[in-house]
Amino acid sequence: MKKIRKVVAILASRLVLVGFLLVSAFPIYWMFNTSLASDAELFGTGQDFAPHLERVGEVPQKLEDVGILGLLANSAFIATGVTVLSFLLAVMAAYALSRFKFHGKGLSGFVLFSTQMMPEALLVVPLFALFATFGLLNSLTGLVLANTAFSMPVAVFIIKTAIDKIPYEIEESARVDGCSPAGQLGMIVVPLVLPSLAAAAVINFFDGWNEFLFANTFIRQQELWPASVGLAQFMGQYSTPLSTVMAAALLFTLPAIVFFLLVQRQIVSGLTAGAVKG
Amino acid sequence: MPHISFQDVTKKFGKSTVIHGFSAEIEDGEFLVLLGPSGCGKSKMLRVIAGLADMSSGAIEFDGTVINGLEPKERKIAFVFQSYALYPHMSVYDNIAFPLIMDRFKSWYHVPIINSIARRIIRNTAEVKTKVMEVAQMLELEPMLSRRPRTLSGGQRQRVAVARALVRDPDLYLLDEPLSNLDAKLRTQMRSEITDLYKKVKKSFIYVTHDQVEAMTMATKMIVMNDGEIRQIGTPDEVYHSPADTFVAKFIGSPPMNIVEVTASGTGADLPNGEKIALGGKAPKTGAVLLGVRPEHVRVVDANKGVSAVVESVENLGAESILSLTFGAPKGSAEGKGSKILAKVGGSSIARAGDTVGIEFEPGTFRWFDADSQSALN
């Protein structure tokens with residue numbers, strides 16, 4: 001009886017999980033399905049539930065026509081730039097906030113946090129003026145800077161929380177062993193907070209990859225558009241190539257998924273187990 | 001192996017002083033134990049010696065050279081932390097090799113990628129390998145060199161921490177309660193291993209503990225601390241047999257020294273009930289004083305001999321028994337009033353709780369303390 005109850009419980013939990021999976025995956029499936037539908041089906045007879053796999057060969061041509069590779073390259077530049085810059089700044093800021101005593105430490109934390117209280121849309125106009133002054137309009141570097149300003153504080157708090165949990169004796173031990181403060185950060189602290197660094201990198205990468213508002217406002221040259229803006233421009237007043245948009249959107253989601261898969265191995269806990277007593 | 005001189009070392013946090021004017025001289029090759037209750041400032045003092053914490057005033061000299069302000073590495077010390085503080089992301093080999101790698105590390109090795117290449121090259125050099133293997137062999141760590149700290153037992157982790165200290169061949173070993181996280185059996189084993197190590201390396205050790213058994217068995221010299229102050233400096237024997245004040249008398253020894261309020265007069269000590277303790281000698285001072293006597297120097301005899309006492313409780317420990325006794329209560333006072341005293345007797349006690357017995361003190365074993373200052377008089 002006990003065994004049956006256990007089996008039923010497992011089956012029920014699996015069923016719920018499958019249900020969640022279906023609900024989550026359906027939009028992606030529908031995106032894929034739509035990308036293989038014809039205009040006649042989309043705007044006339046209605047889309048079939050099963051995808052028309054025989055039309056897969058037409059997709060690359062459609063994507064080439066809209067210059068998807070250029071759009072993705074711009075998005076990749078912004079996402080990588082935001083991730084790398086946020087990582088470098090956030091690690092040092094988090095270490096300083098976690099380990100050092102200095103005047104204005106609380107205020108620094110508050111100022112960093114306050115950037116998350118303001119909606120990005122509120123800062124579009126002042127940032128536009130600022131970027132115009134510094135010649136950063138129509139520049140991908142400008143977008144990297146703007147997005148880093150918003151993404152980096154989140155990374156700081158994620159990494160700081162992880163550093164706070166490292167027993168300070170480990171760094172003191174390294175200090176006794178002759179390790180400089182930079183060495184303590186690079187050789188001891190960073191390897192111990194890798195899971196949090198990976199989590200922060202995922203968030204920063206997605207922030208940069210999904211960038212739309214600033215790019216749509218600050219970038220006037222079509223060849224500098226990231227994919228998010230490029231996709232939005234497909235929507236015409238009189239016609240929208242829905243299947244092409246969906247194919248491009250599907251391709252747009254792939255790099256983010258690949259990046260997540262690459263770093264997810266690092267998002268594991270318990271790395272500090274065994275460092276101290278117990 | 002430096003001669004260490006502490007000159008009025010003081011450590012303050014804001015307005016509160018945690019170490020008050022610590023002054024002492026430590027000879028080469030001493031096994032010094034800093035002993036005291038939790039919060040007495042002993043670990044803080046060790047961190048000051050290591051250079052991990054700054055002192056507020058005073059000076060520490062190694063062989064006549066003031067080392068205030070020097071980085072821990074420049075002091076040629078090794079530190080074994082209470083929590084081991086191993087690097088969890090490194091193997092046992094890399095943990096032990098880390099100080100050697102740091103000795104050969106150049107500032108430009110901090111550049112990412114170069115850093116990991118440089119460390120890999122240094123760790124694989126013959127010199128580093130030989131030193132790590134030597135230490136690993138000494139501490140029987142060879143079979144676990146490729147393992148991570150989290151896969152080791154407490155005792156093994158402790159040995160890795162000691163190995164990491166040992167590999168640097170420092171002049172001074174600092175150990176901060178290194179056995180406090182081990183179980184009783186392992187603690188005894190590690191205690192003798194550390195003592196053996198001390199004899200083998202022939203260097204100075206400063207060892208912090210609140211465990212008097214560790215202090216008594218390992219130290220060649222002890223500093224007993226309380227509330228950030230030195231209460232006594234001496235060998236374990238001196239501290240045990242000639243405590244400098246009532247704090248040390250009560251802190252050292254299990255059970256602690258008995259302290260009895262008496263009125264000294266010539267060759268006797270009067271109790272409140274008029275009975276007299278025979279001293280077999282002269283008290284250093286007449287009038288109200290405190291008489292200290294170790295439980296093993298209290299003899300339990302027949303009721304018609306010595307000073308009359310009532311047995312309150314008996315703890316039978318097998319090889320010996322601890323008797324808790326009350327004596328010297330003025331006539332007519334409530335039951336249980338009077339001076340409390342503990343007596344340690346060999347084997348199982350024949351006395352039972354509630355029995356009236358006689359107690360005698362071994363002549364020449366008394367320690368006298370001033371009733372006001374609590375300091376020793378003899």
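# Chat on a predicted two-chain model

Q: Which helices of chain B do the buried residues of α2(B) pack against?
A: The buried residues of α2(B) pack against α3 (114-123), α4 (126-138) and α5 (154-166) of chain B. Buried means that 20 or more other C-beta atoms lie within 10 Å of the residue's own, exposed means 12 or fewer, and partly exposed lies in between, with C-beta atoms placed from the backbone. Helices (H or I, at least four residues) and strands (E, at least two) are DSSP runs, numbered from the N terminus.

Q: What kind of model is this, and how are residues numbered?
A: This is a predicted model, in which local features need pLDDT of at least 70, side-chain atom pairs count only at pLDDT 80 or more, and totals for chains, interfaces and linings use all residues. Residues are numbered from 1 along each chain as its sequence is written, while chains are lettered from A and ligands numbered from 1 in the order in which they are written.

Q: Back to α2(B): how many of its residues are buried?
A: In α2(B), 10 of the 12 residues are buried, so this helix is largely enclosed by the rest of the structure. Among them are B:Val92, B:Tyr93, B:Asn95 and B:Ile96.

Q: What does α2(B) give to the side of chain B that touches chain A?
A: First, the contact itself: 27 residues of chain B are in contact with 23 residues of chain A, where contact means that the C-beta atoms of two residues, placed from the backbone, lie within 7 Å. Two or more residues of that side come from each of β6 (77-80) and α2 (92-103) of chain B. The most comes from α2(B), with four residues.

Q: And which classes of residue make up that side?
A: It divides into 17 nonpolar, six polar and four charged residues. Here Ala, Val, Leu, Ile, Met, Phe, Trp, Tyr, Cys and Pro count as nonpolar, Asp, Glu, Lys and Arg as charged, and the others, Gly among them, as polar.

Q: New topic: which residues touch the most other members of the largest nonpolar core?
A: That core has 168 residues, and A:Ala90, A:Ile159, B:Leu32, B:Leu34, B:Ile96 and B:Leu174 touch the most other members. A nonpolar core is a set of buried Ala, Val, Leu, Ile, Met, Phe, Trp, Tyr and Cys residues joined through C-beta atoms within 7 Å.

Q: What is B:Leu174 in contact with?
A: Leaving aside neighbours within four places in sequence, the contacts of B:Leu174 include B:Leu46, B:Ile49, B:Phe79 and B:Ile206.

Q: Why is β3(B) described as largely enclosed?
A: Five of the five residues of strand β3 (residues 31-35) of chain B are buried, so the strand is largely enclosed by the rest of the structure. B:Phe31, B:Val33 and B:Leu35 point one way, and B:Leu32 and B:Leu34 point the other way.

Q: Which strands does β3(B) pair with?
A: Strand β8 (residues 204-209) of chain B runs parallel to β3(B), joined by five bridges, and B:Phe31 stands opposite B:Phe205 there. Strand β9 (residues 221-226) of chain B also pairs with β3(B) in the parallel sense, over four bridges, with B:Leu32 opposite B:Lys221. Two strands pair if DSSP finds at least two bridges between them.
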